[in-house]
Amino acid sequence: MGVFDPDRLENISPDEFRRSVQRLMLGYGYEVFSVDGPNDHGGDLFCEKEGEVFVLQTKWKKRGQDKPISHGIVDELFKARNYYNAHAAIAVTNSKFSAKALKELKKHTDRGIKLDFWDIDTLQHLLLDAPPKKDFLLHKYQNKAKTKILEDLSERKRALLYFATGLGKTFVAGSVIQEFINARGAKHILVLAHMTDLIEQLQRSLWEFLDFSTDSQLIDSSNKPSDLNGLTVSTNLSILPILMTDYRPDLVIFDECHH
């Protein structure tokens, strides 16, 4: 099941669960912004497409199936829907919802208030029904750079990409990653940056080159996943303890390597 495989969800963090849901909504063509934090008024993700606004609250639980979400979630959704002026508010969990929560939800939906629950089964169905990935066309200069990178990686085991700002370094890097996964069968891709603030942005930028069968995770001071299949994005310092284990990525990309 890839992104929403139950075993994978057991070994990620609440933040990574939120990002996985964000990735799903991006795959459905929504603009998605994280509003998670203090005073988020019950919202974690703000999603908009063609004037339709959803606000999502993500609830990750360790041993999710053993800990149903209580009925208090319904009041939180009601408040979030009003605060963000959303068409609908949705609670999303790797767990399930208690019988009382389902009963409270029905009271609101019977009155025409658009609240909803997505559990692990719903997430897996949404994943299966997600639109297919679009093919990306590189500009001529980007395709030339990609070809040369792949040649250098094959011959010299290293390559350097240097572009002026705004010419699409991440886009070319994403295409190289896509080539390694789809054509070369790579199982482990590592992307490194020197600042924590950069890695979530990098992860999001690279999602569009991955299908949902490829996992993706961050490593930093607060995210330390045990499963590093697929794409791993990390700071150069956070990855050091893991490199002392038997983790050996098929491809390593350094962003802003001069740092």
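This is a predicted model: local features need pLDDT of at least 70, side-chain atom pairs count only at pLDDT 80 or more; totals for chains, interfaces and linings use all residues.
Now the overall build. The chain holds nine helices and nine strands. How does its radius of gyration sit beside the globule rule? The chain comes out at 20 Å, close to the 18 Å that the rule gives for 259 residues, so it is as compact as a globular protein of that length. If you draw a box along the principal axes, the C-alpha atoms fill roughly 65 × 40 × 30 Å.

What about the inside? Of the 259 residues, 44% are buried.

A quick word on charge. I count 34 positive and 37 negative side chains here. How far apart do the centres of the two sets lie? The answer is 1 Å.

Let's zoom in on one residue, Gln-203. You can find Gln-203 in helix H8, which covers residues 196–207. Is Gln-203 buried or exposed? Its relative accessibility is 0%, and buried means under 20%, so Gln-203 counts as buried. Who surrounds it? Setting aside neighbours within four places in sequence, Gln-203 is in contact with Glu-16, Arg-19, Ser-216, Gln-217, Leu-218 and Val-233.

Last stop, the backbone. Most residues other than glycine have a negative phi.

One is Asn-85, which is not a glycine, yet has a positive phi of about 50 degrees. Asn-85 sits in the loop between helix H3 (72–83) and strand E4 (88–93). With 66% relative accessibility, Asn-85 counts as exposed.

The other is Lys-157, again not a glycine, with a positive phi of about 70 degrees. Where is Lys-157 found? Look in the loop between helix H6 (140–156) and helix H7 (169–182). Lys-157 has 68% relative accessibility, and the cut-off for exposed is over 50%, so Lys-157 counts as exposed.

So, when you turn the model around, try to find Gln-203 in helix H8, and then Asn-85 and Lys-157 in their loops.

Definitions and conventions:
Residues are numbered from 1 along each chain as its sequence is written. Side-chain values use heavy atoms; hydrogens and water are left out. Helices (H or I, at least four residues) and strands (E, at least two) are DSSP runs, numbered from the N terminus. The radius of gyration is taken over C-alpha atoms; the globule rule is 2.2 Å times the number of residues to the power 0.38. Buried means under 20% relative accessible area, exposed over 50%, partly exposed in between (1.4 Å probe, protein chains only). Lys and Arg count as positive and Asp and Glu as negative; His and the chain ends are not counted. The place of a charge is taken as NZ of Lys, CZ of Arg, CG of Asp or CD of Glu. Contact means heavy atoms within 4.5 Å.
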